[in-house]
Amino acid sequence: MALQFTSVLHRSHCGELEELMFQHPQQGRFRETILDCIEQFGVPRVVEQNGGLRIALAGHTEVQTLYAVMDGSPELVGAVVYTRNTADELAVLHIAVKNIYTAKGPRADQMVTFALLEELCRVARHIKGVHGVRLAYARGQSILKTVHPLTFHPATTDGQGSSAL
């Protein structure tokens, strides 16, 4: 089955989304990064709006969410929450993938995490002025993937612990 991506999720997925975002069995591995993100941007919560669901933050940061669902199935398998943190960059604040689709899960071959990030990069290429997508990870470092329409640069270091994905 192929993945489909959407920015709109029907309210019938509320339980699935809450479980995915707040009760993930592997969230302990990323505890420090999650807490740093919450401190910087605010606590995420699921909000119903116009019959659909979205993630909102308790702070004043406006965010958007991209959801991954299996084609031909209503199964929610992943979500990435992001914001435009600078004029030329999107920042991934939270990413969650259903446990069976993670790198160590039995459906790892679907590569949901990578597919979500690639789809976000595709979205970013269509936003005027955006040139990269930044993903935070452990120990205060981050990675940056450039998203120029025709240019994907190999991994490079910018001198501040960031590198191209």
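Entry one. I began with methionine 21, which sits in helix H1, residues 14-22. I kept in mind that this is a predicted model. Is methionine 21 buried or exposed? Its relative accessibility is 11%, so I noted methionine 21 as buried, the cut-off being under 20%.

Entry two. I then asked which residues methionine 21 touches, leaving out those up to four places away in sequence. I found Gln27, Ile55, Ala79, Val81, His94 and Ala96. I also looked up lysine 98: 77 residues separate methionine 21 from lysine 98 in sequence, while their C-alpha atoms are 9.3 Å apart in space.

Entry three. I moved on to helix H2, which spans residues 31-41, and saw that Thr33, Cys37 and Phe41 are buried there. Where do they lie around the axis? They share one side of H2, because the arc they cover is only 40°. After H2 comes glycine 42, and I wrote down its positive phi, near 115°.

My last stop was threonine 102, in the loop between strand S7 (89-97) and helix H3 (112-125). Threonine 102 counts as buried, because its relative accessibility is 10%. What lies 2.8 Å from a polar atom of its side chain? I found the backbone oxygen of asparagine 99 there.

Conventions:
Residues are numbered from 1 along each chain as its sequence is written. This is a predicted model: local features need pLDDT of at least 70, side-chain atom pairs count only at pLDDT 80 or more; totals for chains, interfaces and linings use all residues. Side-chain values use heavy atoms; hydrogens and water are left out. Buried means under 20% relative accessible area, exposed over 50%, partly exposed in between (1.4 Å probe, protein chains only). Helices (H or I, at least four residues) and strands (E, at least two) are DSSP runs, numbered from the N terminus. The arc is that of the directions from the helix axis to the C-beta atoms. A polar contact is a pair of N or O atoms within 3.5 Å; within protein, one must be able to donate a hydrogen and the other to accept it, and residues adjacent in sequence count only if both atoms are side-chain atoms. Contact means heavy atoms within 4.5 Å.
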